[in-house]
Amino acid sequence: MQLSTLERLQCPIPDCGESLKLAQGDRHFGMLACTGCSAEYPILAGVAIVVPDAEGYIIVHVKGISKWVRDDQIPKSIRKAYLAAKKAVEKEHIEEDLESDRVNALYFMTHYLNTKDAQVGVESPEIKEIIVKNWDRGPFSVVQKWIEETGSKKAVELGCGVGGLADRLAGTVQEYLGVDSSFASIALARAIYINDRGINEEAIMAEQGIPADLLQGPLSRKINLKQLRERIRAPKNIDFIVGDLETPPLKKGHYDASIVLNAIDMMGDPAVLPRVQKSLIRPGGIVIQSAPYIWHEQVAAQLRKKLTPSKSKDVTSAQVIEYIYSKNGLKIEKSLPHVPWVFFKHLRQIEIYSVHAFLSRI
Ligand SMILES: C[S@@+](CC[C@H](N)C(=O)[O-])C[C@H]1O[C@@H](n2cnc3c(N)ncnc32)[C@H](O)[C@@H]1O
Ligand SMILES: [Zn+2]
């Protein structure tokens with residue numbers, strides 16, 4: 001992590017919220033500590049893990065962490081439990097390991113390929129047509145335009161995944177912080193934008209790869225990290241940390257823009273999100289949300305209850321979410337009902353989502 005990010009962080013433990021300090025080591029491998037409750041938050045391979053139960057997080061996310069971090073770099077206090085968890089993962093079915101690499105690879109393609117790169121090797125005229133028509137009209141383009149129009153200078157993105165939006169915002173924002181609960185995604189985003197860890201990022205990325213013709217293996221097309229770093233732009237002050245979007249470890253009221261793209265429908269209680277997003281912005285700041293609203297049935301049932309029974313039958317997901325944001329004092333200023341979001345899977349498969357995107361303001 002960048003140590004300058006520390007002044008914008010706070011302890012994520014509910015009812016604490018005190019400042020954090022670097023208690024041990026350095027910004028590559030170290031330990032942050034809360035100045036109030038003394039809770040500790042490790043930094044592994046430059047990734048600060050600032051979630052309420054950081055040790056529990058490390059055990060659960062062992063698969064992503066072990067790609068970037070050697071065993072002897074895991075804090076001693078949890079190394080035994082970590083190694084046991086790692087052993088259990090190694091015994092799991094191989095498809096599951098491939099699956100997690102693949103998920104990252106799919107997001108990588110969607111975030112970083114441009115219209116031209118996305119067509120390399122594609123022979124299908126139908127797939128090409130979808131790419132040419134829609135690739136540059138997705139949620140990132142919409143957010144880029146809104147951030148430019150509002151002249152927002154400080155942006156935070158929760159659920160940022162592998163971080164592709166930062167490149168799109170670099171022309172306008174001076175400060176960008178990406179937060180996600182996936183260690184693998186944050187480590188990848190840092191490797192792309194912040195080449196500062198003194199670990200062999202190129203070698204790790206060379207193993208990553210993306211799908212092409214699946215006959216050649218699931219991740220046969222290699223990522224050229226050097227070329228990518230030359231192509232992308234980074235806001236002047238950029239960082240990525242691991243955090244939970246329900247309890248983000250961030251000081252309140254600092255940002256001009258708080259952005260969450262395509263994550264609200266992964267939450268157990270979506271109604272938490274407008275409160276969280278609102279808490280992060282200064283008065284007059286903006287809140288941007290987009291999603292394809294692929295709800296789990298239990299979550300949908302809970303959302304229906306937020307409306308009066310007579311109304312809930314005719315109401316759409318987009319209306320409910322705008323309603324919840326409005327009830328939290330966020331005035332909807334711009335709303336696009338259907339933004340195409342192309343999700344590239346491999347040379348013969350493409351998905352297209354239609355996401356609702358809106359900009360609101362306090
Ligand atoms: C569907 S992906 C979208 C990624 C990116 N925003 C985009 O639009 O391409 C959802 C992201 O939200 C993250 N996520 C889900 N639940 C989260 C949580 N509770 N806290 C932080 N991140 C979360 C996932 O790790 C994933 O990167
Ligand atoms: Zn604390």
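**Close-up 1. The zinc ion (ligand 2) has a tetrahedral arrangement of donors.** In this predicted model, the four donor atoms subtend angles of 100 to 115 degrees around the zinc ion (ligand 2), which makes the arrangement tetrahedral. Four donors count as tetrahedral if all angles lie between 85 and 135 degrees. Ideal angles at a metal are 109.5 degrees for four tetrahedral donors. The donors are the SG atoms of Cys11, Cys16, Cys34 and Cys37, at 2.3 Å; a donor is an N, O or S atom within 2.8 Å of the metal (3.2 Å for Na, K and Ca), and sites may look incomplete as water is not among the atoms. Along the sequence, the spacing of these donor residues is C-x4-C-x17-C-x2-C. Cysteine 11, in the segment before strand 1, and cysteine 34, in strand 2, are 23 residues apart, so that pair links distant parts of the chain.

Residues are numbered from 1 along each chain as its sequence is written, while chains are lettered from A and ligands numbered from 1 in the order in which they are written. Cysteine 11 and cysteine 34 are both buried. Buried means under 20% relative accessible area, exposed over 50%, and partly exposed in between (1.4 Å probe, protein chains only). Cysteine 11 counts as buried because its relative accessibility is 2%, and cysteine 34 counts as buried because its value is 4%. The structure holds zero disulfides, a disulfide being a pair of cysteine sulfur atoms within 2.5 Å.

Close-up 2. Strands (E, at least two residues) and helices (H or I, at least four) are DSSP runs, numbered from the N terminus. Two strands pair if DSSP finds at least two bridges between them. Strand 1 pairs with strand 2 (residues 30–34) in the antiparallel sense over five bridges, and alanine 33 in strand 2 is the bridge partner of lysine 21.

Close-up 3. Rings of Phe, Tyr and Trp (its six-membered ring) pair if their centres lie within 6.5 Å; planes under 30 degrees apart count as stacked, over 60 as edge-to-face and the rest as tilted. The count comes to 11 aromatic pairs. Tyrosine 107 and phenylalanine 343 form an edge-to-face pair, 5.0 Å centre to centre with 80 degrees between the planes. Tyrosine 107 is partly exposed at 32% relative accessibility, whereas phenylalanine 343 is buried at 6%. Tryptophan 135 and phenylalanine 344 are also edge-to-face, at 6.2 Å centre to centre and 75 degrees between the planes.

**Close-up 4. Helix 5 has its buried residues on one face.** These buried residues are Ile127, Ile131 and Asn134. Seen down the helix axis, they fall within an arc of 95 degrees, so they line one face of helix 5; the arc is that of the directions from the helix axis to the C-beta atoms. On the other side of helix 5, the exposed residues are Pro125, Glu126, Glu129, Val132 and Lys133.

Methods
This is a predicted model: local features need pLDDT of at least 70, side-chain atom pairs count only at pLDDT 80 or more; totals for chains, interfaces and linings use all residues. Side-chain values use heavy atoms; hydrogens and water are left out. Four donors count as tetrahedral if all angles lie between 85 and 135 degrees; four count as square planar and six as octahedral if opposite donors are over 155 degrees apart and all others between 65 and 115; anything else is irregular.
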